[in-house]
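Take a look at the chain below.

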Amino acid sequence: MMASITDCVVEGLKYPFNDIKKLLSFGALFALISGVSTFIGAKSLDIFRAAVHIAEKTNGTVSHIPISQLPVGDMYLVAGLTIVTFIVSLLIMGYQYDIIKFSIDKKEDLPGFGDILSMFVNGIKYCIVILAYNILPILILVGGAALAGESSIFPIVLLISMLLFIIAYFLLLMALNNMIAHDSLKKAFDFGEIIDNISNLGWGKYVGIILFTLIVMMIISVAVGFILSFITVLFAAIINNQAFVISIVIAIIEGLFIDSYMGLFFNRVCGSIYRESIK
């Protein structure tokens with residue numbers, strides 16, 4: 001007997017609390033990315049301000065400033081940290097791969113972090129599938145924007161690309177599940193099997209579970225947003241003129257507790273969807 005939409009979502013909501021230590025370990029990866037990304041943003045802004053200052057002094061434009069005149073050390077730092085962020089993102093995707101696998105296999109515990117190499121490889125596969133399913137709408141959007149410019153055709157191009165993004169998203173979720181269930185990258189592009197799985201579950205139920213899950217995540221995000229706003233005001237009252245420090249702290253809190261919970265919840269539901277589709 002197939003589980004109801006609410007059963008899948010409620011089980012997903014409870015799942016992260018099965019192992020708080022692993023939840024926080026997963027959160028540490030998000031916290032690292034959040035903190036580093038905030039730092040990258042601040043450094044990038046400093047580089048841009050330096051470029052604008054030089055352009056004003058030389059009566060030139062930002063795009064024509066030689067790299068040697070810019071803070072090269074900061075640029076190398078931003079580039080290096082961006083690479084680190086991408087590597088950590090692949091590890092996060094690899095762990096999400098494991099979450100879905102555990103969900104498909106109906107395991108109640110959370111995946112461990114013992115095999116970092118496996119996480120990295122699975123993260124690469126996860127990333128490849130995401131890029132592959134989104135490449136067409138991206139090309140249409142970028143190509144359409146370049147060719148149409150500000151003409152009346154652009155809204156049509158934008159609408160087409162948005163529709164393709166939506167279609168790709170729903171197919172992508174089942175494709176990732178199919179790949180992970182068979183541990184085969186090729187299975188992510190077995191469109192016949194992917195469509196059959198969705199049809200077996202029912203398109204209405206499939207779309208319904210995903211939309212319901214996303215709505216629940218939005219509600220949680222809004223509630224958390226209010227809490228984080230309060231924390232921000234509290235920090236601002238305690239730490240004067242330290243906006244950057246406050247931003248880093250809030251980013252780390254959000255990554256450590258919220259992003260990790262959302263990642264576990266959503267991917268647990270995705271695995272449950274697949275499990276229901278092959279019954």
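## The model and its confidence

This is a predicted model. The protein chain averages a pLDDT of 89. Of its residues, 96% score at least 70.

Helix H2, residues 20-58, has the lowest mean pLDDT among the elements, at 88. Helix H6, residues 191-201, has the highest, at 95.

## Overall build

What kinds of secondary structure does the protein chain have? The count is eight helices and zero strands. Read from the N terminus, the order is α-α-α-α-α-α-α-α.

The C-alpha trace spans about 70 × 50 × 35 Å along its principal axes.

## Surface and charge

The protein chain has 279 residues, and buried residues make up 39% of them. The chain exposes about 14,900 Å². Carbon and sulfur atoms supply 73% of that area.

Charged side chains come in two sets. There are 16 positive and 19 negative side chains in the protein chain. The centres of the two sets lie 4 Å apart.

## The nonpolar core

In soluble globular proteins, nonpolar side chains tend to be buried together. How many residues does the largest nonpolar core have here? The number is 51. Phe-26, Tyr-206, Leu-264 and Ile-273 have the most contacts inside this core. H3 gives the most, with eleven residues.

## Buried or exposed?

Ser-161 lies in helix H5. Is Ser-161 buried or exposed? Its relative accessibility is 0%, so Ser-161 counts as buried. Ser-161 touches Pro-137, Ile-140 and Leu-141, not counting residues up to four places away in sequence.

Leu-117 has its place in helix H4. Leu-117 is exposed, because its relative accessible area is 63% and the cut-off for exposed is over 50%. How far apart are Leu-117 and Gly-225 in space? From C-alpha to C-alpha, the distance is 35 Å. In sequence, the two are 108 residues apart.

## Two loop residues with positive phi

Next, look at the backbone in two loops. Lys-106 is found in the loop between H3 and H4. Lys-106 is not a glycine, yet its phi is positive, about 60 degrees. Lys-106 is also exposed, with a relative accessible area of 54%.

Where does Asp-183 lie? Asp-183 sits in the loop between H5 and H6. Its phi is positive too, at about 50 degrees, although Asp-183 is not a glycine.

Definitions and conventions:
Residues numbered from 1 in each chain as written. Predicted model: local features only at pLDDT ≥ 70, side-chain atom pairs only at ≥ 80, totals over all residues. Heavy atoms only, no water. Helix = DSSP H or I, 4+ residues; strand = E, 2+ residues; numbered from the N terminus. Buried < 20%, exposed > 50% of the residue type's maximum accessible area, 1.4 Å probe, protein only. Areas by Shrake-Rupley, 256 points an atom, 1.4 Å probe, with all protein chains shown as cover. Lys, Arg positive; Asp, Glu negative; His and termini not counted. Charge placed at Lys NZ, Arg CZ, Asp CG, Glu CD. pLDDT = per-residue confidence, 0-100. Core = buried A, V, L, I, M, F, W, Y, C linked by side-chain atoms within 4.5 Å. Contact = heavy atoms within 4.5 Å.
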